[in-house]
Amino acid sequence: MSTIRVLVGTKKGAFVLTSDGKRESWEVNGPHFAGWEIYHLKGSPVAQNRLYASQTSGWFGQMMQRSDDGGKSWETIGNEFKYEGVPGTHKWYDGTQHPWEFKRIWHLEPSLTDPDCVYAGAEDAALFRTMDAGRSWQEFPSLRSAKSHLWQPGAGGMGLHTILLDPTNPQRIYIAISAAGTFRTDDGGSTWKPITSGLKSPFELPDPDAEVGHCVHRIALHPSRPGVLFMQKHWDVMRSDNAGDSWHEISGNLPTDFGFPIDVHAHEPETIYVVPIKSDSEHFPPEGKLRVYRSRTGGHEWEPLTRGLPQKDCYVNVLRDAMAVDSLEPCGIYFGTTGGQVYASADSGDSWNPIVRDLPAVLSVEVQTLP
């Protein structure tokens, strides 16, 4: 029977949750790096006991960690992230230009084929890569040539928070930045272009044809159809059927089109999941009811999934990196909350159980399906 390993990054450490394929009882291991913010930890898809973690502290700054035994032990690895050349400036909250400053790594995306290769998304927004298992990191400075002087921080900072690798084309990578938008390279990172046609941000961007400046919260794809992208934006759930060249809205009957995570069912490319929340200031579920919404039609038509989730007096948030899916049948869905719960569904979202409670606020959730 398969083993499921859920990797949870929180405000005060990392936790590793394991279960068998029934996904009924869970062992909790942690906290690792207690007291540190773990923005993201993720395992290599080709060496599944190889894990990478980004830890941050207001006192001690940024540290990178690697485990080669599934999280039992950890080794501090290279932590030098330098912008190449003269990075210039980007837009600041007040509209003035502000110098580029490295603060932390928001997201880690291990290569689909090489356990020593990992991509890292930084704040201030930049894309880095290691080819030596984290000992050294190099920037893709070409990304900043895509109108980076017009990029501006979102409320939580200017982070590169999403990295999607095309499993059918190693030269194609998608990334998303708050609040710059989403970008694609088709030549392995030598050049990048904004892919925002069809996005509307009337409150932030008066220019309806603005290529950059859109506050994209998350993008997702199914590996069988990497040219079909789904997006949760700062207002609007969107879809592209041409690798991001154009987008159209699929918010449909959602109670609010604001939220952070979006993910795709492991075996059904047209089944997608979001967690709607209120406004861009309240950041909690409408009516205090925690509901995951599922569309089995690729958008527009959504159904609330509530069985096992609190439907009264619930005021947590689910952050952009805090949802993941496993590859079992039926597909498992997982998400973590700012209230410290991690919920799991072993039946594609029909019912939910809290597999752990009372953790620190959850920043990220990843899942591995182990043989």
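## Basis and cysteines

A residue is called buried when its relative accessible area is under 20%, exposed when that area is over 50%, and partly exposed in between, with a 1.4 Å probe and protein chains only. By this rule C117 is buried, with a relative accessible area of 5%, and C215 is buried as well, at 11%. The structure holds zero disulfides, a disulfide being a pair of cysteine sulfur atoms within 2.5 Å.

The model is a predicted one, in which local features need pLDDT of at least 70 and side-chain atom pairs count only at pLDDT 80 or more, while totals for chains, interfaces and linings use all residues. Residues are numbered from 1 along each chain as its sequence is written, and side-chain values use heavy atoms, with hydrogens and water left out.

Strands (E, at least two residues) and helices (H or I, at least four) are DSSP runs numbered from the N terminus, and two strands pair if DSSP finds at least two bridges between them. Strand β6 covers residues 61–67, and five of its seven residues are buried, so β6 is largely enclosed by the rest of the structure.

Strand β5 (residues 51–57) pairs with β6 in the antiparallel sense over seven bridges, and a hairpin of three residues joins β5 to β6. Within this pairing, S54 stands opposite M64 of β6. Strand β6 is also joined by two bridges to β7 (residues 75–76), again in an antiparallel arrangement, where Q65 has T76 in β7 as its bridge partner.

## Aromatic pairs

Rings of Phe, Tyr and Trp (its six-membered ring) pair if their centres lie within 6.5 Å, and planes under 30 degrees apart count as stacked, over 60 as edge-to-face and the rest as tilted. The count by this rule comes to 19 aromatic pairs. In one of them, the ring centres of F81 and W137 are 5.1 Å apart with their planes at 35°, so the pair is tilted. Because F81 lies in the loop between β7 and β8 (89–91) and W137 in the loop between β12 (126–130) and β13 (138–139), this pair ties together parts that are 56 residues apart in sequence. F81 is buried at 7% relative accessibility, and W137 is likewise buried at 7%.

The rings of F102 and F128 have centres 6.5 Å apart and planes at 85°, so this pair is edge-to-face. F102, in the loop between β9 (97–99) and β10 (104–110), and F128, in strand β12, are 26 residues apart, and their pair links distant parts of the chain. F102 is partly exposed at 26%, whereas F128 is buried at 0% relative accessibility. Ring pairs link F81, Y83, W100, F102, F128, W137, W151 and F183 into a cluster.
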